[in-house]
Structures are given as structure tokens and as C-alpha cells.
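Thanks for coming. I have one model to go through this morning, and I will keep to what can be read off it.

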Amino acid sequence: MSGLAERLAEVRERMAAACARAGRPPESVTLVAVSKLKPAALIREAYAAGQRDFGENYAQELRDKAAELADLKELRWHAIGPLQTNKVKYVAKAAHAYHALERLEVAEELSRRRLEAPLPCHVEVNVGGEASKSGLAPEQVESFLKTVRALPGLRIDGLMSLPPPTDDEQVARGYFRALRELAQRHGLPGLSMGTTHDYELAIEEGATLVRVGTALFGERA
């Protein structure tokens, strides 16, 4: 075995400790195991160890893994990367949730193609103002929400962000706090934020979903 069950247990312990520091119940945060570019066998191993939520960045990889692992009935797929409109159909069919909604044409195509229960979505915000990253500017969120909330087949649960990497804890907290305050202003309870590098800080600042890959599966090739 790969030691994945032990790493999963360690991440969950650290999540629970962060929740305790923040005065939150551990069940208030969902761990999304980021399995992009990892083999289905590792996902099966994590599932056997109790993990149920998995994140994939690439729509076609999500499609293929969903088909290969269709026998794992409680597995929930989270699409966490940017989408091209011609790939939306794969997410609309297979995903339990989408974390990176930022383009109206993608929202409209998801709405059109989602045939089952409404797809829970988090709107991506570029809190660091980085030119290299996708996501709405904070001042664009209000008008975007007004438009996408009217679309059938979608449910806007919260906001998502991938802030600039930093080793300065206070700077990191500032980004997470900014996203939390923006979500509160718009009446959104969900916060998808925090990765292997900073998920404990994110939980302390209010994250409801953390996206952890490297700490579970190791570095990607």
C-alpha cells in the first residue's frame, strides 16, 4: 500500500485541530482530495480509507475517471479548474460541484446541460489581483451573481479563491479574510479556499471546503 490512508488520517487530524482553534465543529469543513493526474487506483485506495470528495482540474480526465470509478456509489466529484465551453458537458454530467465559475458563457452552458439536480457552484474570485490567474475582481462579483442566480440548473453556494502563494501567515490570512467578508456581503455560506500549503489557516479563517492534493498523493510528475 502507498501510505495514503495514514496521510489522509494526518490531514484530517490537522483539519480537526484547526477547527478546534477556530471554535468550529470538524464536520463544518469538507476535505476535497485533489486527484488530478493521479491514477484511479489511488482514488480507490483513498475511498477505501473513507474519503468521498475528489477534485479534478481537467474536464476530460473527470469524465474518464467518473466512468472508470462508477461502482463507487458515494464518490463525489468536484470540478475545480477553469472550463472551456466545449468541455462543459462533461462537468454538467459527472460533477457533484463546480468550484471555479467565473465566465457567464460557461454558466449558461452548464445551466443548459445540467439535467439532474442543480449543480452547486462556487464563484471564483481573484483576491490577489494577479494577471496570471483567472477569477473575477471583487467588484465584479455582485453583477455576476445577479445574472447567474437567475439561471436554472445552477445553485450558487459560495466563493472560491486561490490566493498568491506566500510564507507570510498574516498576508495569507488577509486574503482568506477578504474572501470571507465578500461572501458574507453577498449572503453566501460557502468558502472553497486553502490547499496543502495553507489549509489550516484557511479553516481558521472560515473555509468550508479545502482542496488538498500534494499532502495526500505526493507531488505530481
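First, the ground rules. This is a predicted model, so to speak of a local feature I need pLDDT of at least 70, and side-chain atom pairs count only at pLDDT 80 or more, while totals for chains, interfaces and linings use all residues. Residues are numbered from 1 along each chain as its sequence is written, and side-chain values use heavy atoms, with hydrogens and water left out.

Now the overall picture. The protein chain has nine helices and eight strands; here helices (H or I, at least four residues) and strands (E, at least two) are DSSP runs, numbered from the N terminus. Its radius of gyration is 17 Å, close to the 17 Å that the globule rule gives for 221 residues, so the chain is as compact as a globular protein of that length. That radius is taken over C-alpha atoms, and the rule is 2.2 Å times the number of residues to the power 0.38. Along the principal axes, the C-alpha atoms fill a box of roughly 50 × 40 × 30 Å.

Of the 221 residues, 52% are buried. Buried means under 20% relative accessible area, exposed means over 50%, and partly exposed is in between, with a 1.4 Å probe and protein chains only. As for contacts (heavy atoms within 4.5 Å), take those with a separation of 6 or more: 57% of them join residues 24 or more positions apart. The accessible surface comes to about 10500 Å², and 50% of that belongs to carbon and sulfur atoms; the areas are from the Shrake-Rupley method with a 1.4 Å probe, and for residues only the protein chains shown count as cover.

Over residues 9-220 the chain is 40% helix and 18% strand, with its end C-alpha atoms 21 Å apart.

The unreviewed entry also has the annotation "modified residue: N6-(pyridoxal phosphate)lysine", and that covers Lys36. Lys36 sits in the loop between strand 1 (30-34) and helix 2 (40-48). Is Lys36 buried or exposed? At 14% relative accessibility, Lys36 counts as buried. Setting aside residues up to four places away in sequence, Lys36 touches Gly55, Glu56, Asn57, Tyr58, Glu61, Lys65 and Arg220.

Leu37 is in that loop too, between strand 1 and helix 2. Leu37 is exposed, at a relative accessible area of 51%. Leu37 is not a glycine, but has a positive phi of about 65°. Most residues other than glycine have a negative phi.

Next, helix 5. In helix 5 (residues 104-113), the buried residues are Val106, Ala107, Glu109, Leu110 and Ser111. Which elements cover them? The cover includes helix 4 (88-94), strand 4 (97-101), strand 5 (119-124), helix 6 (141-148) and strand 6 (154-160). Ser111, in helix 5, is buried at 11% relative accessible area. Apart from residues up to four places away in sequence, Ser111 touches Leu151, Pro152 and Leu154.

Pro118 counts as partly exposed, at 43% relative accessibility. Beyond its neighbours within four places in sequence, Pro118 is in contact with Gly153, Leu154 and Arg155. The C-alpha atoms of Pro118 and Leu216, 98 residues apart along the chain, are separated by 30 Å.

Arg24 is in the loop between helix 1 (4-21) and strand 1, and at 19% relative accessibility Arg24 counts as buried. Arg24 and Glu204 are 180 residues apart along the chain, yet their C-alpha atoms are separated by 8.7 Å. Not counting residues up to four places away in sequence, Arg24 touches Cys19, Val29, Ile203, Gly206, Ala207 and Thr208.

Tyr175 is in helix 7 (residues 169-185) and counts as partly exposed at 22% relative accessibility. Leaving aside neighbours within four places in sequence, Tyr175 is in contact with Val127, Gly128, Pro163 and Pro164.

Conventions. UniProt positions renumbered as here; feature names shortened; annotations may be inferred.
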